[in-house]
Structure formats: structure tokens, C-alpha cells
Amino acid sequence: MAVTPELELIADADARASAYLATLQQRPPFPDQTAHDGLTVFAEPLPEQGHDATDTLRLLDVHGSPATTASNGPRYFGFVIGAALPAAAAAERLMLAWDQCASSYDNSPVAATVEKVAGAWLLDVLDLPRESGVGFGTSATACTLTCLSAARRSLLARHGWDFDRDGLHGAPQIRVVVPDTVHITVKKALRLLGFGMAHLVVAPTDPQGRIDPARLPALDDRTILCLQAGEVNTGEFDPFIPLIKAAHDAGAWVHVDGAFGLWARASSRRVLTDGVEQADSWTTDGHKWLNTPYDGAVAICRDAEALAGAMNADAAYSMASKDAQKNLTLEFSRRARGIPIWAALRTLGRKGVAELVDRHCDEAAWLADRLRSTGFDVLNRVVLNQVLLRFEDDEVTMRLRQHVLASEAGWFGTTIWQGRSAFRISISSWRTQHEDVVRLANAFGQAAEDRSLR
Ligand SMILES: *Cc1c(COP(=O)(O)O)cnc(C)c1O
């Protein structure tokens, strides 16, 4: 094989990527000041004359790599980030060489075929209705947007309204009920769709952030009810069985935001999700708990025709079947983001997915127990991989967090839970081992003992 400049460049990128991964274990979870300062080299004007590609790659690695958060590493506990499984990341690298426009079979036979398998496997591993349509979108945000637009269009069609032709001009009013703990991105999707934040009907939740069925607002056949599998602070689940029954008795549509929590269904924690399969649409991410690279998310709609109808992008020059991804997602030209998801599922298998989720939940429970015995307030029940913590008052809580971050035992973010400052620890990286969680717990223990922090 002749070594061309292109192959040399790709080999250089691969070598740099390997060197980065080899040092991931030692990298600080959050970049230091020197790394931040190094970013000033990027503030250059657009060059008139292009630079050498090797030099561009070098600049990105030398000054970019140190300024990454080590979210692909073992000690990143922020948000619900997840790392990238080697199998998924490797599939992604091969895909870059293919550079496929994965809109339909015509544009990429391999992408259409493998994404179809990935869709079927997702319905299998998450045990959702097998006839559902599955769209691979960029994010849970985008997938929520597609599911909710399918929901509204379908409810309007049931009232004889042709949304595609007439839009919302004089249309019957569709109401949306959301939990008061609804994720900001579900609100964003609703806002973009024109529902209006002042018109959302808010369902009160219990101290764990779950909708209380006894206080569920009235529903009818012009209502979309949004539920959660995995509340972003507590990791809790709405009680699906009574809520979905009430919704369907009233003729409402139920959408479930399961960005990370839906994966509990593939584990021994499955009971938390009981009844979720009765909903009408679901969103989940690959790039969080399944540990695939960004951007990989999934829109699932029980009525496959409803999703395909809402997302249709057929044109005279580009006709495709209703299961073509361009007709199930927002994008026309798109990356085959179902392929890394396929690679993750094929490599883990049903058993590997269950073990990944269970191991993280076990670690979260262990951490919560340890910290409780060290004097921390654990604010949630810790049914999943999220631990919500606080120590004494708001100020001490924040000071202890800074102390632990400075120790580089881990990075994690803050939140406000029921009016009080707290921090959130999420265990969602395949790389995180028990020793990493022990190190974090020890750093918390030392901070709690340090009187100067009070
Ligand atoms: C992360 C998250 C989202 C948004 O997912 P993106 O893929 O980042 O758009 C929605 N809901 C919950 C509960 C989340 O944790």
C-alpha cells in the first residue's frame, strides 16, 4: 500500500488519539490553568493561505488535548456524561473514512442496513413495542422534538385536522402536561414547537421528583403527557402504570423522556420502568449511559407511521421508504449515528448492557452509604446511578465540593434541589472502577473532617 500524505496524516491522528487515550487515567478530570491559558493560540485570524494539515492537527493536539475535560476518563462524575466504549469509538473512526450520507439505502446501503438492525436491537434490549419506528438523531433534545411533533400531528389528525396542510391556523388546542421536574430540553422542544411556556400544565411531584398520580391534572384526548424515566437529579421514575392508564383512558398521548434512565430497563433494575412500554413515544441517548460517542440518540414511536409522517422529507429527486432515516429524524444529510450504537450493543450483548448499568447502580448505592456514614445528607433514594448530596448548609456544601475537585479525585456539578444547594454525582462511565469511587469517597471523607472548611 503506497503511503500517501492522506494516509500519513490519518496515521498521525491515530497516533495522537492513542497517546491521548493512554494517558486518560492520569489526566485531571478538569483542565488546569496552564491548559486554559494555552487556548489563546486558537485566537488567530482566518488564514489567507491555508496551513499544512499536519500543522493544523499538531496545533489541535498540543493545545487542545490538555484543555479537554477528561469526560472519557474514569473520574468524571459530572452530568450523566458516560465515556466512549472502545467498540463504539472504533466503529466511529471507520465511519469517518466511509464518509457516508446516511439518509436512505440509495445513499448508503451499509448505513441503512446496520441502522435497521440497531433499531430492532434497541427495541429488544429496552423491551419496547417491536413495531415502533426508530429514528437515530443527534440528541435526546432533537429526538424529543421529533417525537412531540409526531404526537401533536397525530392527536390533531384524530380530530380531523390536517396539520401538514393547515399548520396551527385555527387548529384545535393541544395541551401539554409536564412534571414540575421536567428536563429543560423537553421544555426547549415544546418551546420550539410553539406550545408556549405559560401554557404548560405542571403536574406536582413527590419529594423524589416523581409525579404524584393523585394530583395528576385532568387529561383529555387533546393532551400530551410527558413523563420521565430518570429524573436528572434523583434518577427517579414516574409511576408509569397508573399515569399511562389514566392518560390512555382519557385518549391522551404519553411521551417518555428516558435520556439515561430508560437503560434501567435493560438491567436488574427493570422494575423501576414497569409500565413504560405502554407509552406512545420515548427518547433515549446512546451517548450517555450506553457510552457511545456524541451525537447518538434515539426517537422511538409506537406508531411508526406517525413518526415517518411527521418527519417525511421525500422529494421527486429523493424518494425513500418510510423507514429511511431521513424520514424518521430532523436531518436530511446525516451521519450514520446508529452504527456506533449497533457496535456498542453487538460488543456488550444483552448481558454486557445489564452488567454496565447494574455495576454503576451498585457503585452509586455504595457511595451513598459511605457518604451518609461520613455525615453527608443524601437527598435522594439512590435507586439508579445518581447520588444527590449536601453537607450542613449551602456554603459548606459548595466549599466541600471545591475541596474535592481540587484533589482531582473527580469532577461533578452542582444543582438546586428543593430550594437548597446540592451536588450531583453520576456514575455512568464504563471506565469507572470501584477504586475510582473509593478514591472519591475518601476525598469526601477528608473534606468532611477538615474543620477549616466549615
Ligand atoms: C441529558 C438529558 C436530556 C437531553 O439529552 P441530550 O442528548 O443532551 O439532548 C434530556 N433529559 C434528561 C433526563 C437528560 O438527562
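How many nonpolar, polar and charged residues are there in the lining of the second largest cavity? By class, that lining has 5 nonpolar, 4 polar and 1 charged residues, where Ala, Val, Leu, Ile, Met, Phe, Trp, Tyr, Cys and Pro count as nonpolar, Asp, Glu, Lys and Arg as charged, and the others, Gly among them, as polar. Bear in mind that this is a predicted model: local features need pLDDT of at least 70, side-chain atom pairs count only at pLDDT 80 or more, and totals for chains, interfaces and linings use all residues. Residues are numbered from 1 along each chain as its sequence is written, and side-chain values use heavy atoms, with hydrogens and water left out.

**Cavities**

- A search of the whole structure turns up 3 cavities of 30 Å³ or more. On a 1 Å grid over the protein atoms alone, a cavity is a set of points where a 1.4 Å probe fits but cannot get out, while a pocket is an open set with protein on both sides within 12 Å along at least five of seven lines; lining residues have an atom within 4 Å of a point.
- The largest cavity comes to about 50 Å³, a volume being the space filled by probe spheres set on the points, with grid points joined across faces, edges and corners.
- Around the largest cavity sit His183, Gln228, Gly230, Val232, Asp257, Ala259, Phe260 and Lys288, which split into 3 nonpolar, 3 polar and 2 charged residues.
- The second largest cavity has a volume of about 40 Å³, and its lining includes Gly137, Thr138, Cys143 and Glu331.

**Ligand site**

- There are 13 residues around the ligand, and Ala140, Thr141, Asp257, Asp285 and Lys288 come nearest (a residue is near if one of its heavy atoms lies within 4 Å).
- The shell is made up of 4 nonpolar, 6 polar and 3 charged residues.
- For polar contacts (a pair of N or O atoms within 3.5 Å), a backbone N or O atom of Ala140 lies 2.8 Å from an oxygen atom of the ligand.
- Thr141 puts an N or O atom of its side chain 2.5 Å from a ligand oxygen atom.
- Asp257 has a polar side-chain atom 2.7 Å from a nitrogen atom of the ligand.
- Taken alone, the ligand exposes 380 Å², and the protein buries 87% of that (accessible areas by the Shrake-Rupley method with a 1.4 Å probe).

- The chain is assigned domain 1 (5-68) and domain 2 (90-345), with bounds from an automatic or database domain assignment.
- Taken over C-alpha atoms, the centres of domain 1 and domain 2 are 36 Å apart.
- Of its 34 lining residues, Ala13, Ala17, Ala89, Arg93 and Leu96 lie nearest the centre.
- α1 (5-22), α3 (53-64) and α4 (86-98) each give two or more residues to this lining, and α1 has the largest share, 9 residues.
- By class, the lining of the largest pocket has 18 nonpolar, 9 polar and 7 charged residues.

**Second largest pocket**

- The second largest pocket has a volume of about 470 Å³.
- It is lined by 28 residues, and Lys116, Val134, Asp323, Gln325 and Leu328 are the closest to its centre.
- The largest share of the lining of the second largest pocket, 8 residues, is from α5.

Terms used. Helix = DSSP H or I, 4+ residues; strand = E, 2+ residues; numbered from the N terminus. Polar contact = N/O pair within 3.5 Å; in protein donor to acceptor, adjacent residues only side chain to side chain.
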